[in-house]
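Please open the model in your viewer and keep the selection tool at hand. The tour moves from one selection to the next and says what is found at each stop.

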Amino acid sequence: MLTSILQKIPLAVVGLLLLVSALTIYVRSRNVTRSEFVKIFRSTRPFAAWILVFTIVLSGIFGVFHHMKSKHSVTAVVALNYSEASQAQNSNGTRYNMAEIICDEVVEKAIEMGAFENVTVKQLKNCLSVYPYIQGDVNDESNYHISTEFAVEYHASKHTDHLDAENVITLITSAYKEYYIEKYTDNFSVISKEDKPDYGTMEYMDIVTYLNKEASAVLNYLYGLAEKGPSFVTENNTTFHAIAAKVHTFKEVQIEQNLRSLILQHGIARNKAGYIDRLSYQNKNTDFDRQRNSASFDLCNQAIEMYSEEMTRVVLVPTWDQSGKYYMGRTKVGIDELSVMATAFSDNVASNEKEIMDNKLVIDKMQSAPKSNTGAAEADAMIASIDESIDNFRAEAINAGREYSNYRMNQCIAVSISGVSLFSELKTIVLFACLSYAAALLFAASRRFPKKETHNGTGE
């Protein structure tokens, strides 16, 4: 703020000098003839020492303060390089809004990233502005333009003078990239887990199912990333496939083999009778589904046997192509649909039988185990360890996903930062020097005009 005021002092001096000179010439020009008026200007020395010193000193002062002020102004150009940008859309198809580049969330994130002191979101936001880098015109259809480049300007105020301007604009654009990734690209909340169940109230086999589900969620997320970027390498020099392999091995060994086997071996349960009754009830319901699927499978097979062998070989029907010519085309018959249905019912029967056998195995283990929960403490410790490991895998997967998103966004959102160029500063200083020289020269000429006309033709 002080720099801005000091920069205006030389401008005020030049302006005041021009005003005084112009008024003096206007008032005193009445005392001279036209030829004398011209003669006064011609006789004024353009390279008088005081004029040159005045111009150089004032221009130097202006140049110093102008350079200091320029350091507090920076411009960044945010270029969107993904295909949807040309349609004024975000990468997920929603409408793009350039105001989000300097929205409150972005500014707050930038303040946190830079650990800015003594500045609020409102104060910093007031120093920022955003507009399309290339403007279109709605008055003529030929001038319609959807901008994919946006200029972000930062001009320091008295509240932000203590901040480095280039650092501010760098953090704003970095914060915007993170904001954009969180909102419009990858959804990291898919595998993030804030609320966890109380393992102390869950049955041990239910905990196994839950942990399997959590590990599978991390695996599915990693497989999705691996499909998008199979060759991407993280900062830890690993790939999505490598992380997924670790999670898969952990899931098979620690959850399926170690934890599940420990629970079945000792028949560990919080309420054995209640848990056995629940599994028995599930088996009854599953058996009803198995019988229904088995009956449907048999019906499909019976219907298929009713079809004539000659009819099922090939069925040709008259039809026509796009040019209007007739031809005999092969079409599906009922047996095709019945075969597909029979296969689906057969798969369902196999799934039902497997579920029933798995439940029977657990029931048998529970019934043959001693009443005391031997190994429960060991199982609890293993559950806590597995849960912690899954959290670590989840964090590693999310970090890898963020790195990949940042990598893609660096390609999809490019940022170029530029301050006031040296040439622009020199041009401004030269223009001011010309103005100050003209003001000094005009002032020197105004001092040569007589104050008052006398009878003998001379001034007092």
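This is a predicted model: local features need pLDDT of at least 70, side-chain atom pairs count only at pLDDT 80 or more; totals for chains, interfaces and linings use all residues.

**The paired strands**

Begin by selecting strand β2 (residues 128-132) and strand β3, which run antiparallel and are joined by 5 bridges; two strands count as paired if DSSP finds at least two bridges between them. Helices (H or I, at least four residues) and strands (E, at least two) are DSSP runs, numbered from the N terminus.

Residues are numbered from 1 along each chain as its sequence is written, and side-chain values use heavy atoms, with hydrogens and water left out.

Strand β3 (residues 149-155) is mostly covered, with 5 of its 7 residues buried, where buried means under 20% relative accessible area, exposed over 50%, and partly exposed in between (1.4 Å probe, protein chains only). In β1, 7 of the 8 residues are buried, so this strand is largely enclosed by the rest of the structure.

**The aromatic rings**

Now colour the aromatic side chains, among which the structure holds 15 aromatic pairs. Rings of Phe, Tyr and Trp (its six-membered ring) pair if their centres lie within 6.5 Å, and planes under 30 degrees apart count as stacked, over 60 as edge-to-face and the rest as tilted. Select phenylalanine 41 and phenylalanine 449, an edge-to-face pair at 6.0 Å centre to centre with 70° between the planes. Because phenylalanine 41 lies in helix α2 (residues 34-43) and phenylalanine 449 in the segment after α13 (422-446), the pair ties together parts that are 408 residues apart in sequence. Phenylalanine 41 counts as partly exposed at 33% relative accessibility, whereas phenylalanine 449, at 2%, counts as buried.

Then move to tyrosine 180 and tyrosine 184, whose ring centres are 5.1 Å apart and whose planes stand at 50°, so the pair is tilted. These two tyrosines are 4 residues apart in helix α6 (residues 165-184), which means that about one helical turn separates them. Both tyrosine 180 and tyrosine 184 are buried, and together with Tyr82 and Tyr176 they form one aromatic cluster.
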